[in-house]
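Let's take a friendly walk through a protein model. Have the sequence and the 3D view ready, and turn the model as you read.

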Amino acid sequence: MRALGPLVMSGLLLAGGVAVADEASLSAQEQQGKHAYDHICVYCHGPGVWGTNRLAKRLDKEHALLENRTDLPAPAIRAIVRSGVGSMPPMRRTELSDSDLEAIAAYLTRHGR
């Protein structure tokens with residue numbers, strides 16, 4: 001059992017390195033967007049949670065997880081967040097600043113998506 005300790009630790013360090021490398025490939029605005037997404041949106045739109053499950057039923061599993069989608073343009077993201085759609089309520093500027101919304105849109109549309 002004690003021999004597994006170094007293997008587990010090296011796996012954690014390697015996994016951490018991958019996460020850092022992925023985040024390092026993001027622009028400053030995309031990093032701000034990922035941070036905002038992880039603190040605001042992920043509670044409904046993370047893997048296996050309510051909003052993602054609703055999108056899977058309405059669309060399909062491929063389009064359910066927002067971070068994996070490639071078909072959402074930035075103007076649509078901004079409109080949906082501010083106006084709401086379906087069971088998603090609108091988010092006011094007091095709940096999500098324009099700067100954070102722009103950053104989230106940049107993050108979700110990164111790499112020309």
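The report below starts with the whole chain and then turns to some of its parts.

## Before we start

This is a predicted model, in which local features need pLDDT of at least 70 and side-chain atom pairs count only at pLDDT 80 or more, while totals for chains, interfaces and linings use all residues. Residues are numbered from 1 along each chain as its sequence is written, and side-chain values use heavy atoms, with hydrogens and water left out.

## The whole chain

Helices (H or I, at least four residues) and strands (E, at least two) are DSSP runs, numbered from the N terminus.

Of the chain's 113 residues, 29% count as buried. Buried means under 20% relative accessible area, exposed means over 50%, and partly exposed is in between, using a 1.4 Å probe and protein chains only. A contact means heavy atoms within 4.5 Å. Among contacts between residues at least 6 apart in sequence, 52% join residues at least 24 apart.

## Where two helices cross

Look at helix H2 (residues 28-45) and helix H5 (residues 98-108): their axes come within 7 Å and cross at roughly 105°. That makes H2 roughly perpendicular to H5. Axes here are lines fitted to C-alpha atoms, for helices over the stretch in contact, with angles from 0 to 180 degrees between N-to-C directions. Angles under 35 degrees count as roughly parallel, over 145 as roughly antiparallel, 65 to 115 as roughly perpendicular and the rest as oblique.

Residues on the H2 side of this contact include Gln29, Gly33, Tyr37 and Cys41, while those on the H5 side include Ser99, Ala103, Tyr107 and Leu108. The residues of the contact divide into eight nonpolar, four polar and four charged. In this grouping, Ala, Val, Leu, Ile, Met, Phe, Trp, Tyr, Cys and Pro are nonpolar, Asp, Glu, Lys and Arg are charged, and the others, Gly among them, are polar.

The buried residues of H5 are Leu101, Ala103, Ile104, Ala105, Ala106, Tyr107 and Leu108. They pack against H2 and also helix H4 (74-83).

## A pair of rings

The structure holds one aromatic pair. Tyr37 and Tyr107 form this tilted pair, at 6.0 Å centre to centre with 55° between the planes. Rings of Phe, Tyr and Trp (its six-membered ring) pair if their centres lie within 6.5 Å; planes under 30 degrees apart count as stacked, over 60 as edge-to-face and the rest as tilted. Because Tyr37 lies in H2 and Tyr107 in H5, the pair ties together parts that are 70 residues apart in sequence.

Tyr37 is buried at 0% relative accessible area, and Tyr107 is buried at 5%. Arg110 lies over the face of Tyr107, at 4.2 Å from the ring centre. A charge sits over a ring if NZ of Lys or CZ of Arg is within 6 Å of the ring centre and within 35 degrees of the ring normal.

Leaving aside neighbours within four places in sequence, Lys34 is in contact with Glu23, Leu26 and Tyr107.

Tyr43 is also found in H2, but Tyr43 counts as exposed, at 59% relative accessibility.
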